[in-house]
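User: Please take one part of this model and look at it closely for me. I would like a single connected account that I can follow residue by residue while I have the view open.

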Amino acid sequence: MCGRWTGVAETYAAWFKALADATRIQVVSLLARTGRPLTVSEITAAVPVSQSTVSEHLRQLAAVGFVLAEERGTSRLYRINEACVDCFPTAADLVMGKPSPVPPAAAR
């Protein structure tokens with residue numbers, strides 16, 4: 001049991017670390033609000049940083065499973081991973097020891 005919760009804690013820590021940046025929060029929020037996959041160019045137009053910076057933030061968000069990338073023709077489109085969003089616990093829940101959902105296997 002402890003090993004299982006250690007893995008969950010590590011996953012949540014990675015999620016919180018990924019979201020510990022204002023630009024990454026803006027990107028996640030944009031993808032969640034838009035409700036459709038976006039290109040890096042579309043994201044860059046909405047977030048006040050360079051395209052290379054957006055690409056790096058997307059790479060970090062994809063590494064922890066918050067963002068999914070898909071190839072469509074010659075473009076790469078990014079979308080929010082609903083499985084992560086659905087089970088992402090609030091910081092208060094974790095701090096207060098309330099039960100939180102177990103992250104999906106795909107996000108680990």
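Predicted model: local features only at pLDDT ≥ 70, side-chain atom pairs only at ≥ 80, totals over all residues.

Analyst: Two strands are taken to pair if DSSP finds at least two bridges between them.

Strand β1, residues 67–72, pairs with strand β2, residues 75–80, in the antiparallel sense, and six bridges link them. Arginine 72 has serine 75 in β2 as its bridge partner. Two residues separate the strands of this hairpin, and in the turn glycine 73 has a positive phi of about 65 degrees.

Threonine 23 belongs to helix α2, which covers residues 22–34. Its relative accessibility is 14%, and because buried means under 20%, threonine 23 counts as buried. Leaving aside residues up to four places away in sequence, threonine 23 touches Val47, Val49 and His57.

Valine 49 is 26 residues from threonine 23 in sequence, while their C-alpha atoms are 8.2 Å apart in space. With a relative accessibility of 23%, valine 49 counts as partly exposed. Again leaving aside residues up to four places away in sequence, valine 49 touches Thr44 and Val54 as well as Thr23.

The axes of α2 and helix α4, residues 51–63, come within 10 Å of each other and cross at roughly 75 degrees. That angle makes α2 roughly perpendicular to α4. On the α2 side the contact involves Thr23, Arg24, Val27, Val28 and Leu31, and these meet His57, Leu58, Gln60 and Leu61 in α4. Sorted by class, the contact of α2 with α4 has five nonpolar, three polar and one charged residues.

In one of them tyrosine 12 and tryptophan 15 are tilted, with 5.4 Å from centre to centre and 55 degrees between the planes. Both residues lie in helix α1, residues 2–18, where three residues, or about one turn of the helix, separate them. Tyrosine 12 and tryptophan 15 are both buried, and together with Phe66 they form one aromatic cluster.

Key:
Residues numbered from 1 in each chain as written. Heavy atoms only, no water. Helix = DSSP H or I, 4+ residues; strand = E, 2+ residues; numbered from the N terminus. Buried < 20%, exposed > 50% of the residue type's maximum accessible area, 1.4 Å probe, protein only. Contact = heavy atoms within 4.5 Å. Phe/Tyr/Trp six-rings, centres within 6.5 Å; stacked < 30°, edge-to-face > 60°. Axes fitted to C-alpha atoms, helices over the stretch in contact; angles between N-to-C directions. Parallel < 35°, antiparallel > 145°, perpendicular 65-115°, else oblique. Nonpolar A, V, L, I, M, F, W, Y, C, P; charged D, E, K, R; others polar.
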